[in-house]
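Open the model in your viewer and keep the selection tool at hand. Each stop below tells you what to pick and what to look for there.

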Amino acid sequence: MSDCFSTSLLNICLQEFLSDIDSGVFINEAGDILAMKYENLPDVGTYGPMVKTVSRYFQPQEGDFVIMNDPYSGGTLLFSMGLVTAIQVGNQKFYFASRIRLKPDLVFAKRIEEEGVRIPPTPLVSRGQVNMEVLDAIGANPLAPQQFRERILEHIQFMQNRVRQFHSAFKVHAKLFSPANQKNFLALARRKVLEKMAELPHTDARYETRLESGEILRLKAELTAEKFICDFQGTSPSHGNYLTDAIAYGACVASLAAFLGSDIPVNEGLYSVVDVSTPQGSFLSAKYPAALTRGIIEGLPHLASALLTALSEINPRQAISHNSCVIPALTL
C-alpha cells in the first residue's frame, strides 16, 4: 500500500471519527493533533493545551474521563464543558476530547469566577464508572448551567460509544494508525500547507486598530517560505477585554487555514508553520483571574479581522471576507 494511499485512508478514518460531533479533537500520545473539528475560534488553540494538561497530571486510561472548563488550563468560556478520555489500542494510546456547550449566562465581569462555575481539570469517570458525587457537587453550584448533570452524562455516553466504534475500526485498519503512517500523514499535511504558502508573496504586513473599550491591537504578520509569524508587540494592556495566549494562537492558526483554503486540514501539519508572539501584560495574554466573556465576544472578532486584513495585504488577489472567521456561536 503506497504512503499516499495510506495517509489518505487515515484522513478518511479520522474525519469519520469526528463527523457527528460539533467540536472535538483526536491526539496521539506524543501530543500531535491528528484531526480536529472546531465550532468556533476559541476551540482551535485550546484543545491542545487542554489535552496536554490532562495527560500530564492525570494520565487517564481508557474508561477514564476528565472534565474541565477552566480557560487557564485549556478551556474557553465557562458554559463550554470539555471532556477528555484515552483510547488504548495495543501499545498505542490516543486522546479523544470533545466539548459540549450548555446554555450560557453571559455576564461581563471582572473575575472569571463571576462568569460561572469554573472547573479545573477534574477526574469524573474512572474505569467507566461516573463519580456522581463530583457531578452532583458541580451541578449544585448556583452558577452551574441548566441541565448540567443530564447533558454531561449524555455526552459521556456518546463519547464511550465513539471509543467502542474506534476499536471496531482499528481492528480493520490497524496499519493506518501505525506511528510511521501517522508521521507520514502529518508530514504530507505540512507539505500541503507549505505548497499553498509558496504560491503567496513572502513579505509582511502591519495592522493597528483601537477597540471600542480602548485597547490598542498591533500586529506584524509575516509570511515566509516555511512560517506564518504573528507578532503582537505593542499591543496594549486590557481595558476590559481579555484573551488567553492559547485563544490568540488559535485565531492565528484558523485565519491562516481560512486564507489558504477549505482543503487545508487542521492538524499538526498546519500548527507547525504558525509562530505567535503575544507580549506579557497585553490583553492577548490574560492571566488568572481575568474574565474572558467580553474579550471573546468583543475582542476576538477584532483579532480575526486584523489577521485577515494583514493576510489580504500580503496577497490582495486572495483577500477574503472578514466574516468568514468570526466567532463565537452563542445561544441568546
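Start with Asn40, which sits in the loop between strand 2 (33–37) and helix 2 (41–58). Helices here are DSSP runs of H or I with at least four residues, strands are runs of E with at least two, and both are numbered from the N terminus. Asn40 has a relative accessible area of 8%, so it is buried. Buried means under 20% relative accessible area, exposed means over 50%, and partly exposed lies in between, with a 1.4 Å probe and protein chains only.

Two notes on the ground rules. This is a predicted model, in which local features need pLDDT of at least 70 and side-chain atom pairs count only at pLDDT 80 or more, while totals for chains, interfaces and linings use all residues. Residues are numbered from 1 along each chain as its sequence is written, and side-chain values use heavy atoms, with hydrogens and water left out.

**Helix 3 against helix 4**

Select helix 3 (residues 132–139) and helix 4 (residues 148–173). Their axes lie 9 Å apart and pack at an angle of about 140°. Helix 3 is therefore oblique to helix 4. The axes are lines fitted to C-alpha atoms, for helices over the stretch in contact, and angles run from 0 to 180 degrees between N-to-C directions. Angles under 35 degrees count as roughly parallel, over 145 as roughly antiparallel, 65 to 115 as roughly perpendicular, and the rest as oblique.

Which residues of helix 3 and helix 4 meet? From helix 3 come Met132, Leu135, Asp136, Ile138 and Gly139; from helix 4 come Phe148, Arg149, Ile152 and Leu153. The residues of this contact divide into six nonpolar, one polar and two charged. Here Ala, Val, Leu, Ile, Met, Phe, Trp, Tyr, Cys and Pro count as nonpolar, Asp, Glu, Lys and Arg as charged, and the others, Gly among them, as polar.

Stay on helix 4 and check its length. Its 26 residues should span 38 Å at 1.5 Å a residue, and its end C-alpha atoms are 36 Å apart, which agrees. The expected span is 1.5 Å times one less than the number of residues. Buried residues in helix 4 include Phe148, Ile152, Ile156 and Met159.

Select Gln147 in the loop between helix 3 and helix 4. Gln147 is not a glycine, yet it has a positive phi of about 60°. Its relative accessibility is 55%, so it counts as exposed.

**The cores**

Next, color the nonpolar cores. A nonpolar core is a set of buried Ala, Val, Leu, Ile, Met, Phe, Trp, Tyr and Cys residues joined through side-chain atoms within 4.5 Å. The largest has 62 residues, and Phe228, Phe232, Leu303 and Leu307 have the most contacts inside it. Helix 6 (residues 245–260) gives the largest share, 10 residues. Apart from this core lies another, of 37 residues, among them Ile138, Ile156, Met159 and Phe177.

Zoom in on Phe232. Not counting residues up to four places away in sequence, its contacts include Leu217, Cys252, Val276, Pro279, Leu303 and Leu307. Contact means heavy atoms within 4.5 Å.

Step to Asp231, in strand 10 (residues 228–231). Asp231 is partly exposed, at a relative accessible area of 26%. Leaving aside neighbours within four places in sequence, Asp231 contacts Arg218, Leu219, Lys220 and Ser277. The C-alpha atoms of Asp231 and Ser277 are separated by 4.9 Å, although the two are 46 residues apart along the chain.

**Helix 5 and Val193**

Move to helix 5 (residues 179–198). Its end C-alpha atoms are 28 Å apart, which agrees with the 28 Å that its 20 residues should span. Select Val193 in this helix. Val193 is buried, with a relative accessible area of 0%. Beyond four places in sequence, Val193 touches Leu260, Ile264, Gly269, Leu270 and Val273.

**Last stops**

Pick Arg294 in helix 8 (residues 293–314). It counts as partly exposed at 28% relative accessibility. Its C-alpha atom is 9.6 Å from that of Lys110, 184 residues apart along the chain.

Finish at Pro289, in the loop between strand 11 (274–277) and helix 8. The peptide bond from Tyr288 to Pro289 is cis, with omega near 10°.
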